[in-house]
Amino acid sequence: IRPEEQVGDYSFIQIIKILDKDHCEQVAVYQNNLIAPHKFAEIVNEVNKYYNNCPIMIENNEIGEKTVNPLWYDLENDNICCTDPKGIRNTCNKNF
């Protein structure tokens, strides 16, 4: 997921189906260049529900934070994967 802040830049979602350890396919795409980050969080949440609460990876920058925070705190979506120097975790914590 790549959220954007400025009008004209696209926020987008890619849904990737992992077929096996060596193969995957893109099964869906959403993009919008007029959506606000908090509204994008709502779209991400609904797409996540539709695709069986799949793990969510969000671009990690200050713009991504504007999508992560409402997704985590307001919508209470715990499917966010966080990365840190120790690797990928399946749950997020408040200090990401």
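Predicted model: local features only at pLDDT ≥ 70, side-chain atom pairs only at ≥ 80, totals over all residues.
Me: How many aromatic pairs does a search of the whole structure find?

Reply: Rings of Phe, Tyr and Trp (its six-membered ring) pair if their centres lie within 6.5 Å, and planes under 30 degrees apart count as stacked, over 60 as edge-to-face and the rest as tilted. The search of the whole structure finds two aromatic pairs. In one of them, the ring centres of Tyr30 and Phe40 are 6.3 Å apart and the planes lie at 25°, so this pair is stacked. Tyr30 belongs to strand E2 (residues 23-32) and Phe40 to helix H1 (residues 37-50), so the pair links distant parts of the chain, ten residues apart; helices (H or I, at least four residues) and strands (E, at least two) are DSSP runs, numbered from the N terminus. The rings of Tyr50 and Tyr51 have centres 5.0 Å apart and planes at 75°, so they form an edge-to-face pair.

Me: Is Phe40 buried or exposed?

Reply: Buried means under 20% relative accessible area, exposed over 50%, and partly exposed in between (1.4 Å probe, protein chains only). Phe40, at 1% relative accessibility, counts as buried, whereas Tyr30 is partly exposed at 23%. Tyr50 is exposed at 64%, and Tyr51 is partly exposed at 28%.

Me: Where does helix H2 bend?

Reply: A bend at a residue is the angle between axes fitted to the seven residues ending there and the seven starting there. H2 bends by about 25° at Val68, and a proline, Pro70, follows within four residues. Just after H2, Glu76 takes a positive phi of about 55°.

Me: Which elements give two or more residues to the largest nonpolar core?

Reply: In soluble globular proteins, nonpolar side chains tend to be buried together. A nonpolar core is a set of buried Ala, Val, Leu, Ile, Met, Phe, Trp, Tyr and Cys residues joined through side-chain atoms within 4.5 Å. The largest core has 13 residues, and those touching the most other members include Phe40 and Leu71. Strand E1 (11-20), H1 and H2 each give two or more residues to this core.

Me: How many disulfides does the structure hold?

Reply: A disulfide is a pair of cysteine sulfur atoms within 2.5 Å, and the structure holds zero. Cys24 is exposed at 52%, whereas Cys81, at 11%, counts as buried.

Methods
Residues numbered from 1 in each chain as written. Heavy atoms only, no water.
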